[in-house]
Amino acid sequence: MKRLGLFLLPILLFFVVSCHDQSYGILSYQDKNIEAECTLNGEYKILVTKNGEKSSVSFIEPSSLSSVSFTYEGEKVTARASDMEITLSKSDLEGAVAILSMFSLSEECLVSVGKGENGDIMEFDSELGSYRLTMGENDMPKRIEIEADRYEFDIIVESIMIK
């Protein structure tokens with residue numbers, strides 16, 4: 001029995017190591033610049049952009065929030081409201097960072113894939129929470145649900161442009 005275990009251990013390690021860095025190309029749209037108009041929690045219209053490592057979200061509606069935006073680059077988040085700007089750490093605004101990271105998911109975080117009523121569903125677990133993507137036309141997300149202990153977001157992607 002001990003010899004069998006010694007024989008199987010290297011084979012098992014080979015599969016664990018070789019599967020860890022596999023790339024499936026399911027998130028290839030994330031390699032490009034993205035601009036998406038979305039509805040957040042059925043009540044807010046937002047514009048989410050991703051340009052390389054820099055992501056931003058700004059409010060479109062209600063108009064009273066149109067001067068509010070957040071930008072995430074590196075480990076810092078910049079919050080803006082009209083002429084006021086403040087830079088905070090990622091941990092200070094985890095909910096905003098979760099939204100800002102919805103187009104920066106890693107395939108290594110994929111935990112399940114399935115069929116839903118409205119399209120294919122992929123689920124990812126990251127340090128910011130669980131992301132559930134419902135895919136639409138051209139393998140682009142049409143709905144992104146984000147859940148964590150302190151926040152929950154339901155984001156409908158109304159339009160998305162890849163540049």
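User: What joins E10 to E11?
Analyst: A hairpin does, running through four residues. Bear in mind that this is a predicted model.

User: How do those two strands pair, and over how many bridges?
Analyst: Strand E10, residues 141–147, and E11 are antiparallel, with five bridges between them.

User: Zooming out, how many helices and strands are in the chain?
Analyst: The protein chain has two helices and eleven strands. In sequence order the pattern is α-β-β-β-β-β-β-α-β-β-β-β-β.

User: Different topic. Where is Lys 90?
Analyst: Lys 90 lies in the loop between strand E6 (84–89) and helix H2 (94–100).

User: Buried or exposed, and why?
Analyst: Lys 90 counts as buried because its relative accessibility is 15%, and the cut-off for buried is under 20%.

User: What does Lys 90 touch?
Analyst: Leaving aside residues up to four places away in sequence, Lys 90 touches Tyr 72, Glu 75, Val 77, Val 97, Glu 127 and Leu 128.

User: What share of the whole chain is buried?
Analyst: Of the 163 residues in the protein chain, 33% are buried. The chain exposes about 10,400 Å², with 52% of that supplied by carbon and sulfur atoms.

User: What about contacts between residues at least 24 apart?
Analyst: They make up 38% of the contacts between residues at least 6 apart in sequence.

Technical notes:
Residues are numbered from 1 along each chain as its sequence is written. This is a predicted model: local features need pLDDT of at least 70, side-chain atom pairs count only at pLDDT 80 or more; totals for chains, interfaces and linings use all residues. Side-chain values use heavy atoms; hydrogens and water are left out. Buried means under 20% relative accessible area, exposed over 50%, partly exposed in between (1.4 Å probe, protein chains only). Contact means heavy atoms within 4.5 Å. Two strands pair if DSSP finds at least two bridges between them. Accessible areas come from the Shrake-Rupley method with a 1.4 Å probe; for residues, only the protein chains shown count as cover.
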